[in-house]
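Trainee: I would like to learn how to read a sheet and a helix. Can we take one structure and go through it?

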Amino acid sequence: MNFDGPVWIQAKQVSKYFEDNIMASYTIREADQIEHKIVYNYPLTAFEELATNAILHKEYDTPEYVGIYIYKDRISFVNHNRPLPPVTIEALNKDRSFDRRQYLNKELKDMFFSLNLIESYGSGIRRAKDALFENGSPELKFYPDNEEDNYTNAVIGINKEFLNEFNSSSYEKTTTKTTTKTTIKQEEIIKIIAENPHISANEMAEKLNLTVDGVRYHLNKMRKAGLIRYEGSTKLGQWVIMKLNSK
């Protein structure tokens, strides 16, 4: 699948394709507990952060493309260039935040920030690693493991629980159960936003006993349905309720 048009449109198209065609979840329920756990094959935040990161750090003077390869058990994000110093492949594997990271495309970085496609400079890798950890997914890995090859490959592995459940006969049943909870969660989110329009996804996650990625999944669904929208910058903006559920 190829994505064309302005680069910021491509970034949104890639994210939508992932949501509509790749991302899936199932629910773990314990018989003696009210709360439940939602497990995603790949957390949305990790995918979006790594896809955007690959687009931002592409060397556009060369004809090479950004490649996102989806396999049965992993997704690979490939740039045909290495990160700019002082960031190295080793640092991307070891560290979490890159506040002093250099950008090949500064204008593109500023545009993505203005369009809320990135939350803050140098923090995308941290958010991707946190989302994978919260989802119980394998650790994010960067390649190559040598100093000669001129490419950067970020790899996220599928959640092992999800993969096992996907291969079992109960997958369809648990997926249906997850779907029935969507409206309830949306009503809860509407109430929370009404009480505090400036609330963050992290704060919502604590109130709802969900992962941050789970909250962002519901927020994206609600924005697409025209229930809510977000106005202003990432840090100073606020949620606006467009219309309430009829239930």
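Trainee: What order do the four strands of the open sheet have?

Mentor: Some ground rules come before the answer. This is a predicted model, where local features need pLDDT of at least 70, side-chain atom pairs count only at pLDDT 80 or more, and totals for chains, interfaces and linings use all residues. Residues are numbered from 1 along each chain as its sequence is written, and side-chain values use heavy atoms, with hydrogens and water left out.

Mentor: Strands of a sheet pair through backbone hydrogen bonds, either parallel or antiparallel. Strands are DSSP runs (E, at least two residues), helices likewise (H or I, at least four), numbered from the N terminus. Two strands pair if DSSP finds at least two bridges between them. Here the order is S3-S4-S6-S5, with antiparallel pairing. S3 (67-70) and S5 (141-143) are at the edges with a single partner strand each, so one side of each lacks a neighbour in the sheet.

Trainee: How many bridges join S5 and S6?

Mentor: Three, in the antiparallel sense, with S6 covering residues 152-157. Lys 141 stands opposite Val 155 in S6.

Trainee: Now helix H1. Which of its residues are buried?

Mentor: Buried means under 20% relative accessible area (1.4 Å probe, protein chains only). In H1 (residues 7-22), the buried residues are Ala 11, Val 14, Ser 15, Phe 18, Glu 19 and Ile 22. Down the axis of H1 they fall within an arc of 130 degrees, so they line one face of the helix. The arc is taken from the directions from the helix axis to the C-beta atoms.

Trainee: What do the buried residues of H1 pack against?

Mentor: Contact means heavy atoms within 4.5 Å. The partners are H2 (44-56), S3, S4 (74-79), H4 (106-114) and H10 (212-224).

Note on methods. Expected span 1.5 Å × (residues − 1). Buried < 20%, exposed > 50% of the residue type's maximum accessible area, 1.4 Å probe, protein only.
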